[in-house]
Amino acid sequence: MKSLTAVLLAVVTLFTLSLAGCAALVAGGAVGAGAAGVYAGQTTQYYPSAFTPTLNAVQTALARMQCVVLKVDTEGADTTVIHARQGHMLVDVTVAKKGLAVTAVTSRFGILGSEKDDVIFHGYVKGALGQG
């Protein structure tokens with residue numbers, strides 16, 4: 001009976017310590033995230049350009065990155081979501097009108113996002129708009 005109690009106590013202790021370790025890891029990750037900056041998986045850039053020219057620049061940038069457009073969803077007259085793929089990587093780009101001459105472009109390359117591809121993409125958008 002004592003050995004069973006000792007085994008159960010050991011299991012409960014290990015389980016409790018593992019939870020405490022996870023909590024410390026999450027807390028440490030949160031502190032580190034604030035200090036180092038973590039890529040959230042997508043990038044939003046605001047362009048001083050009307051909606052239609054910005055949408056055209058996004059389509060040009062996607063073509064330049066050899067992305068194949070799979071589907072285009074429009075959400076009213078002010079937002080367009082483009083679903084594409086680049087090889088085996090899924091790509092989502094949202095173009096949203098924010099004002100008369102301001103348009104937000106949010107991009108995500110891959111399921112978790114690729115900061116490198118987002119930077120390249122937004123560079124191509126700026127170039128297509130004559131801003132880069």
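Let's start with Q66: at 67% relative accessibility, Q66 counts as exposed, because the cut-off for that label is over 50%. Keep in mind that this is a predicted model. Q66 is found in the loop between α2 and β2, with β2 covering residues 68-74. Its phi is near 60°, a positive value in a residue other than glycine.

**The chain as a whole**

- The protein chain has three helices and five strands.
- If you read along the sequence, the pattern goes α-β-α-β-β-β-β-α.
- The chain has 132 residues, and buried ones make up 27% of them.
- Its accessible surface comes to about 8,300 Å², and carbon and sulfur atoms account for 65% of that.
- Take the contacts with a separation of 6 or more: 52% of them join residues 24 or more positions apart.

- Have a look at β4 and β5: they pair in the antiparallel sense over eight bridges.
- V91 stands opposite F109, and F109 belongs to β5.

**Helices against the sheet**

**The nonpolar core**

- A handy general point: in soluble globular proteins, nonpolar side chains tend to be buried together.
- The largest nonpolar core in this model has 18 residues.
- Within that core, V58, L62, V93 and F121 touch the most other members.
- The elements that give two or more residues to the core are α2, β3, β4 (89-99), β5 and α3.
- The largest share, six residues, comes from α2.

**F109 and F121, an aromatic pair**

- A search of the whole structure finds one aromatic pair.
- The partners are F109 and F121, and their pair is tilted: 5.8 Å centre to centre, with 55° between the planes.
- F109 lies in strand β5 (residues 102-109) and F121 in helix α3 (residues 115-128), so the pair ties together parts that are 12 residues apart in sequence.
- Both F109 and F121 are buried.
- Leaving aside neighbours within four places in sequence, F121 is in contact with V58, A61, L62, M65, V93, V105, S107 and F109.

- T79 sits in strand β3, which covers residues 79-86.
- T79 counts as buried because its relative accessible area is 16%, and the cut-off is under 20%.
- Not counting residues up to four places away in sequence, T79 touches F51, D73, T74, T94, V95 and A96.
- A84 is found in strand β3 too.
- At 2% relative accessibility, A84 counts as buried.
- A84 and C67 are 17 residues apart in sequence, and their C-alpha atoms are 6.1 Å apart in space.
- With its neighbours within four places in sequence left aside, A84 is in contact with C67, V68, V69, L70, M89, L90 and V91.

**Q59 in α2**

- You'll find Q59 in helix α2, which covers residues 51-64.
- Q59 has a relative accessible area of 39%, so this residue is partly exposed: the label goes to values in between the buried cut-off of under 20% and the exposed cut-off of over 50%.
- Q59 and V93 are 34 residues apart along the chain, and their C-alpha atoms are separated by 9.7 Å.

Terms used:
Residues are numbered from 1 along each chain as its sequence is written. This is a predicted model: local features need pLDDT of at least 70, side-chain atom pairs count only at pLDDT 80 or more; totals for chains, interfaces and linings use all residues. Side-chain values use heavy atoms; hydrogens and water are left out. Helices (H or I, at least four residues) and strands (E, at least two) are DSSP runs, numbered from the N terminus. Buried means under 20% relative accessible area, exposed over 50%, partly exposed in between (1.4 Å probe, protein chains only). Contact means heavy atoms within 4.5 Å. Accessible areas come from the Shrake-Rupley method with a 1.4 Å probe; for residues, only the protein chains shown count as cover. Rings of Phe, Tyr and Trp (its six-membered ring) pair if their centres lie within 6.5 Å; planes under 30 degrees apart count as stacked, over 60 as edge-to-face and the rest as tilted. A nonpolar core is a set of buried Ala, Val, Leu, Ile, Met, Phe, Trp, Tyr and Cys residues joined through side-chain atoms within 4.5 Å. Two strands pair if DSSP finds at least two bridges between them.
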